[in-house]
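Reader: I would like to learn how to read a few local features in a structure. Could you walk me through some of them?
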Amino acid sequence: MVRSFSRGISTRLAGRCVNITVHGIGPAGRDLAPGEDETWVGVEQFEQTLDAVAERDDVRITFDDGNASDVQIALPRLLARGLEAEFFVLAGLLGEAGRLRADDVRELARAGMTIGSHGWAHRDWRRIDGQQAAEEIVEAKRVLSEITGQPVSRVAIPFGSYARHVLRRLRRAKVTRVYTSDGGVARPHSWVQPRNSIRHDLDEAWLLRTLDRRPTITTRARKFAARQVKRRRGQP
C-alpha cells in the first residue's frame, strides 16, 4: 500500500528540493531529553518515509544526533532501497549508550553515506562562548574527518538555533553547507538549507503535504522573513 502511495506522488518542485530529517527510530536505548521523544519514530513510520521518497530525485534524507538506530535500523533499509543519506554526528558523544561508535561511523561511510557534523555535545550554538564554539564547530569536524579518513565539511545546526554570529563562525570554519530546521523547500545549491523533521505523529497525509507542497505566497513570505531574522539577529 505504501508503494502505491509513493508512485501516486507525481508533483515535483521545479528547481527546488525537500530535505527530510530523521532523529531516532525504534527503541531509544538511552534516556531521551525532554521533548526528544516527539521526533522519535517507529520502524514502520520510517519505512513508510523511505518508500515515499525512494523514486524521487528531489528529496534529501538526513539524520541528526548520531543515534545507534542510524546504523542498526536505518542503514540496512536505505541500502535495500538503493538510497543514500547524510548523517550528522555528535562527535563528543560517540560511544555513549544508544549512540553511534566510531566503528559505526566508519561503517556508514564505507556504505556510501555522507558524514557531517552536528557539533560536539548538542549545545545551542547561539549561546556558546568562543572556546565552546571551537570545540563544537572546528574540533568536531576534525575528529569526524579523522575517523572517516574523509573531509567533513557540512554541518547540521543543533536545535536549528542560529543567528548572524553563528553563520560567521561557520563561514570562518570553511563549512560548505549548513542545514537548519526551518522547514519548507530548499534551493538545491544554497549554502543554508532548511529541513523538515519527521515526528512521532508521522502519517501519509504529512508526507504528502511535505513532499509535494507548493506553499502559498504568504507562507513563503513568512518563512523567508523568519530566516532573515535568524540570520541577522545578534548574540542573545
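Reader: Which side chain does E136 join through a polar contact?

Author: First, the background: this is a predicted model, in which local features need pLDDT of at least 70 and side-chain atom pairs count only at pLDDT 80 or more, while totals for chains, interfaces and linings use all residues. Residues are numbered from 1 along each chain as its sequence is written, and side-chain values use heavy atoms, with hydrogens and water left out. A polar contact is a pair of N or O atoms within 3.5 Å; within protein, one must be able to donate a hydrogen and the other to accept it, and residues adjacent in sequence count only if both atoms are side-chain atoms. Here the side chain of E136 joins that of W125 at 2.9 Å.

Reader: Where is E136 placed, and is E136 buried or exposed?

Author: Helices (H or I, at least four residues) and strands (E, at least two) are DSSP runs, numbered from the N terminus. E136 belongs to helix α5, residues 130–148. Buried means under 20% relative accessible area, exposed over 50%, and partly exposed in between (1.4 Å probe, protein chains only). E136 has 0% relative accessibility, so it counts as buried. Contact means heavy atoms within 4.5 Å; leaving aside residues up to four places away in sequence, E136 touches several residues, including H118, H122, R123 and W125.

Reader: H122 is among those contacts. What is the phi of H122, and where is H122 found?

Author: Its phi is near 55°, a positive value in a residue other than glycine. H122 is in the loop between β6 (114–117) and α5, and its relative accessible area of 24% makes it partly exposed.

Reader: Which other residue has a positive phi although it is not a glycine?

Author: K174 does, at about 60°. At 66% relative accessibility, K174 is exposed. Its C-alpha atom is 7.1 Å from that of S153, a residue 21 places away along the chain. As for α6, its buried residues are H165, V166, L167, R169 and L170.

Reader: How do I read aromatic pairs, and how many are there?

Author: A pair of aromatic rings is described by the distance of the centres and the angle of the planes. Rings of Phe, Tyr and Trp (its six-membered ring) pair if their centres lie within 6.5 Å; planes under 30 degrees apart count as stacked, over 60 as edge-to-face and the rest as tilted. The whole structure holds 3 such pairs. In one of them, F63 and F87 have ring centres 4.3 Å apart and planes at 10°, so they are stacked. F63 is in strand β4 (residues 59–64) and F87 in strand β5 (residues 86–89), so this pair ties together parts 24 residues apart in sequence. F63 is buried at 0% relative accessibility, and F87 is likewise buried at 0%. Ring pairs link F46, F63 and F87 into a cluster.

Reader: How are the strands around F63 arranged, and what is the bridge partner of F63 in β5?

Author: Two strands pair if DSSP finds at least two bridges between them. β4 and β5 run parallel, joined by 3 bridges, and F63 has F87 as its bridge partner. Strand β1 (residues 18–22) also runs parallel to β4, with 5 bridges; there, N19 stands opposite R60. Since 5 of the 6 residues of β4 are buried, this strand is largely enclosed by the rest of the structure.
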